[in-house]
Amino acid sequence: MIWKHIFIIGGPGTGKTTTIAKILVALTRMSKKKLKIKLAAPTGKAAARLTESLNNSLNNIQLKKLEKILFPSHAITLHTLLGINKNNNIPFFNSNNLIDIDILIVDESSMIDLWLMAQLINAIPKKSKIIFLGDPNQLPAVQPGSVFKDIYSYHQYAYSISTATLLKNITKCHIKTIQTSENLIINDSICTLNKNYRFNNNSDISRLEKDLKNFNINKIKKIFFNEYKNITYHEINNNKQYTHMLEKIVKKYKKYIQKILNKNNPEKIIKVFHHYRVLCALKNGVYGVKKINENLEQIMQNNNMIQPHYVNDDIWYVGKPIMITENDSSLNLLNGDIGITLLNEKNKLTVFFILKKSILISIPINLLPKHETTWAMTIHKSQGSEFEHVILILPNYNYPILTHEILYTAVTRTCNKLTIYANKKIFLKTILNKNSRYSALSHNHHD
């Protein structure tokens, strides 16, 4: 049996990209013709990460020279794939003008809204196959609809008997089956990856990820007593605790500042900065990224770690981290790219970026596209990234944005260490506050 579209579902570190690499190699070797394959993702940053991770996975497979040529060298955004006009939002490709393609791989599918998914399905030929990758527990699309999550809801119904038999013959494993004919096409198209290769099963981060997925509140409460080796919790309710939090965060950045003072090369400085990331749920307010960034800068200035001064009505200093907030193809910069401000060989302030394939570029500060200071960043902007140590800051009052999905996304950005600053009641409310936006694709949500 051949399925038109496949949904490969799994959390961070479950081997989604490795699985895709092997599927692509298998499909290429089985095909009698040269397959037209494209890679895509909802955002430029996600497309860049897919490019890098898939190339790494393919490098671990023994490929023939001809096979290497067959695979696409980079991923593009879904908007670019569909030729969507920025001015009127109308796609160039549609049901009357189909994309010439055999296989499409789409990563970070949880970020695809209902409108974009509809345009994509309309523009792909019926004979073509789409393989969607994603984690339904992460944040949904910003625009209406939560398509990937609704499709994932069918996984509970297991496989049809014919599919289960086929998979059992191939894998020699016991496969769950379902005796009804309802929704079998969707059920048979879902593959859930449960084994985590990033974390040891006994790792604290892995345990917390599983407990969050299962809404296991009693186990999660152990965080408050700091019973986990790699997870630290700090109560935050008043000005004194807030100031203490900021001072602790600044101390963590001392190693990074020291690398700059020691005149290390830009690559080393950027890598040290990326080990550690402060994530906030909010953009504005005392607990939002703007205020946190301002406060951190002030403490760093007071401690002589940075020497800010005005350049063209904007504050600049050696060591200032910035995030690009709009794509700029002429500079090869994407929304979400992070750069570090350093002095170049002419002693001028320049922002250094490491692009794909570890290419280092430097852009003078007056040529930069739109950007913002990023000692701290929002959880939304961190989606798809991975850091050694994540500091998570939640506000001490409730907001609609504080959902189970936003907390799960923040927790799964770390591969080693997690520090949480939150009010206990707000933290527990956030766990239980499930995102309720659906796409009316799952009968579980129909009236």
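Predicted model: local features only at pLDDT ≥ 70, side-chain atom pairs only at ≥ 80, totals over all residues.
Me: Which strands make up the open sheet, and in what order?
Reply: Five strands, in the order β7-β18-β17-β8-β16. The pairing is parallel.

Me: Which strands stand at the edges?
Reply: β7 (231-235) and β16 (376-378). Each has a single partner strand, so one side of each is left without a neighbour in the sheet.

Me: And the twist, what does it average?
Reply: 25° from one strand to the next.

Me: How many bridges pair β7 with β18?
Reply: Five, in the parallel sense. β18 covers residues 414-422. In that pairing, Y233 stands opposite I420 in β18.

Me: Now β8. How many of its residues are buried?
Reply: Five of its five, and the strand is mostly covered.

Me: Which way do they point?
Reply: Y276, V278 and C280 point one way from β8. R277 and L279 point the other way. In a regular strand, side chains alternate between the two faces of the sheet.

Me: How many bridges does β8 make with β17, and how many with β16?
Reply: Five bridges join β8 to β17, and three join β8 to β16. C280 takes part on both sides: it stands opposite I393 in β17 and opposite T378 in β16.

Me: Which strands does helix α13 lie across?
Reply: β8 (276-280) and β17 (387-393). Helix α13 spans residues 266-274 and runs at about 45° to β8.

Me: And helix α14? Which strands there?
Reply: Helix α14 (residues 289-302) lies across β8, β16 and β17. Its angle to β16 is about 175°.

Me: Switching to charges. How many salt bridges are in the whole structure?
Reply: Nine. One of them joins D337 and K45, at 2.5 Å, N to O. That pair links distant parts of the chain, 292 residues apart. D337 is in the loop between β11 and β12, and K45 is in helix α2.

Me: Is D337 buried or exposed?
Reply: Buried, because its relative accessibility is 8%. K45 is partly exposed at 22%.

Me: Which residue does E294 bridge to?
Reply: K291, with the closest N and O atoms 3.6 Å apart. They are three residues apart in helix α14, so about one helical turn separates them. E294 is partly exposed at 46%, and K291 is partly exposed at 37%.

Me: Which residues are linked in a network?
Reply: K33, D102 and K127, by salt bridges.

Technical notes:
Residues numbered from 1 in each chain as written. Heavy atoms only, no water. Pairing = 2+ DSSP bridges. Helix = DSSP H or I, 4+ residues; strand = E, 2+ residues; numbered from the N terminus. Axes fitted to C-alpha atoms, helices over the stretch in contact; angles between N-to-C directions. Contact = heavy atoms within 4.5 Å. Buried < 20%, exposed > 50% of the residue type's maximum accessible area, 1.4 Å probe, protein only. Salt bridge = Lys/Arg side-chain N within 4 Å of Asp/Glu carboxyl O.
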